[in-house]
Amino acid sequence: MKSNFIEELRWRGMLQDMMPGTEEQLQKEMTAAYIGFDPTASSLHIGNLATIMLLKHFQLCGHKPIALVGGATGMIGDPSGKAAEREFLSEDTLRHNQECIKKQLEKFLDFSNIDNSAEVVNNYDWFKEFSFLGFLREAGKYLSVNYMMSKDSVKKRLETGISFTEFSYQLLQGYDFYWLYKNKNVRLQMGGSDQWGNITTGTEIIRRKEGGADEIEHKAYALTTPLVTKADGTKFGKSESGNVWLDSTMTTPYQFYQFWLNAIDADCARLLRVFTLLSKEEIEKLEAEHAEVPHLRIMQKALAKDVTIRVHSEKDYDIAVKASEILFGKGTLEVLQGMSDADILAVFDGVPQTAITPADFEASATVTDLVSVVTNAEIYPSKGEARRAIQGNALSINKTKIADPNHTANFDLLNGKYLLVGKGKKNHLIIVG
């Protein structure tokens, strides 16, 4: 073994619960473990990233990680942590989501031809041939209703109501563990702390189906990691606009970078441990440096850099940093010209924006006309005020200062459609099209 997986989780604060014997099993031999991901969206989000990091550390410690994409369980929906029944997704949507998630997982785990190569499996492959009666015989007879009702995910829903469909979810997940135990030699299931009940259901099905003898009981194990929360106890992983996704078309690299950069000091020590691969020594060094000059936000910058590069790319990180500089007045025209539409709109999300027609743009003879008339007085209420601002060196177009009120409005549009107007230190985006 390269290192002790459990010790790695302990110092990172990533260990919540584990069944007796788990650590001994992992120290004894290379072990296969899995985590399930339901394809309820076409992308994973940073809440999922915490459990992906479990698989990553597991592999780095010499073990074999398996990611289960729940093509079958995704049709049902996990009731854990949910106050109401999920909406069903179509099979086409689920298949699309499964493929997208597989591609994302390949960015984090090593699938090359090594002894502990990662695998992605889909539980639809073993559930698609099951008849209802067959499943009841294979799984349903091994768990009592009393046992299933004792799980937190069920108990919390009894007052508001839970369908038989969602009630049966733990049977499906439990059987997943049994199938992987028998066919992939998987000995451990991991997940977030809210999954403890579903995971131990799997170990119980294995114990009962394999005979229930004492020597069998602890050949399947369970381990969970704490759900990541902020220092104030609220759920981590949401921005003002909702989930922070790993897909760049759903959360742009710039928005992704900014999310981590805006973390408060009280959260950073934990986030560095959970979401980066930095060593204990590296993280403690960052903490010490940050404590000396907190205004430099050393921990936030290190966190945002590490996670953005691993989830997206170094190029995306560089663009995000340069884009951030634009908002603080340090960016250049070259930076703007190298940005995509998505980058530009992400950077200037929240910045006042005005859409105009190409005809209105062409009809503006001077820059004074453009910023006062075309934008319906959103920048300057009159030509006189616009002229005074320009003479006072308070206006820029595409990061270039404009000193002449009669300067022609013949500007090159960024990506053929954007014009960035700087009014003092504030920005305004004109969209032509």
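Predicted model: local features only at pLDDT ≥ 70, side-chain atom pairs only at ≥ 80, totals over all residues.
Lys209 sits over the face of Tyr178, 4.8 Å from the ring centre.

Let me turn to the chain as a whole. It contains 22 helices and 13 strands. Of its 433 residues, 50% count as buried. Among contacts with a separation of 6 or more, 73% are between residues 24 or more positions apart.

My next topic is the aromatic residues. How many aromatic pairs does a search of the whole structure find? The search finds 14. One of them is formed by Tyr34 and Phe177, with an edge-to-face arrangement: the centres are 5.7 Å apart and the angle between the planes is 70 degrees. This pair links distant parts of the chain, since Tyr34 belongs to strand β2 (residues 32-37) and Phe177 to helix α10 (residues 169-183), 143 residues apart. Tyr34 counts as buried because its relative accessible area is 1%, under the 20% cut-off. Phe177 is likewise buried, with a relative accessible area of 0%.

A second pair joins Phe236 and Phe275, and this one is tilted, at 5.7 Å centre to centre and 40 degrees between the planes. Here too, distant parts of the chain are linked: Phe236 is in the loop between β6 (221-225) and β7 (238-239), while Phe275 is in helix α14, 39 residues apart. Both Phe236 and Phe275 are buried. These two rings also belong to one aromatic cluster, together with Phe256, Phe259 and Trp260.

Phe275 leads us to the packing of helices. Two packed helices are described by the angle between their axes and the distance between the axes. For helix α14 (residues 265-275) and helix α16 (residues 298-311), the angle is about 35 degrees and the axes are 10 Å apart. Their crossing is left-handed. On the α14 side, the contact is made by Asp265, Cys268, Ala269, Leu271, Leu272 and Phe275. On the α16 side, the residues are Met299, Gln300, Ala302, Leu303, Asp306, Val307 and Arg310. By class, this contact has nine nonpolar, one polar and three charged residues. Phe275 therefore takes part both in the aromatic cluster and in the contact of α14 with α16.

Is Glu204 buried or exposed? Glu204 is buried, at a relative accessible area of 13%.

Next, Asn123 is located in the loop between β4 (119-122) and α5 (124-127). Asn123 counts as buried, at 0% relative accessibility. Which residues does Asn123 touch, not counting those up to four places away in sequence? They are Leu68, Val69, Gly70, Gly71, Ala72, Thr73 and Asp176.

Finally, Asp17 is in strand β1 (residues 17-18). With a relative accessible area of 34%, Asp17 is partly exposed. Leaving aside neighbours within four places in sequence, Asp17 is in contact with Trp196, Ala222, Leu223 and Thr224. Pro226 is 209 residues away from Asp17 along the chain, and yet their C-alpha atoms are separated by 8.5 Å.

Definitions and conventions
Residues numbered from 1 in each chain as written. Heavy atoms only, no water. Axes fitted to C-alpha atoms, helices over the stretch in contact; angles between N-to-C directions. Helix = DSSP H or I, 4+ residues; strand = E, 2+ residues; numbered from the N terminus. Left-handed = near helix turned anticlockwise from the far one by under 90°. Contact = heavy atoms within 4.5 Å. Phe/Tyr/Trp six-rings, centres within 6.5 Å; stacked < 30°, edge-to-face > 60°. Buried < 20%, exposed > 50% of the residue type's maximum accessible area, 1.4 Å probe, protein only. Lys NZ or Arg CZ within 6 Å of the ring centre and 35° of its normal.
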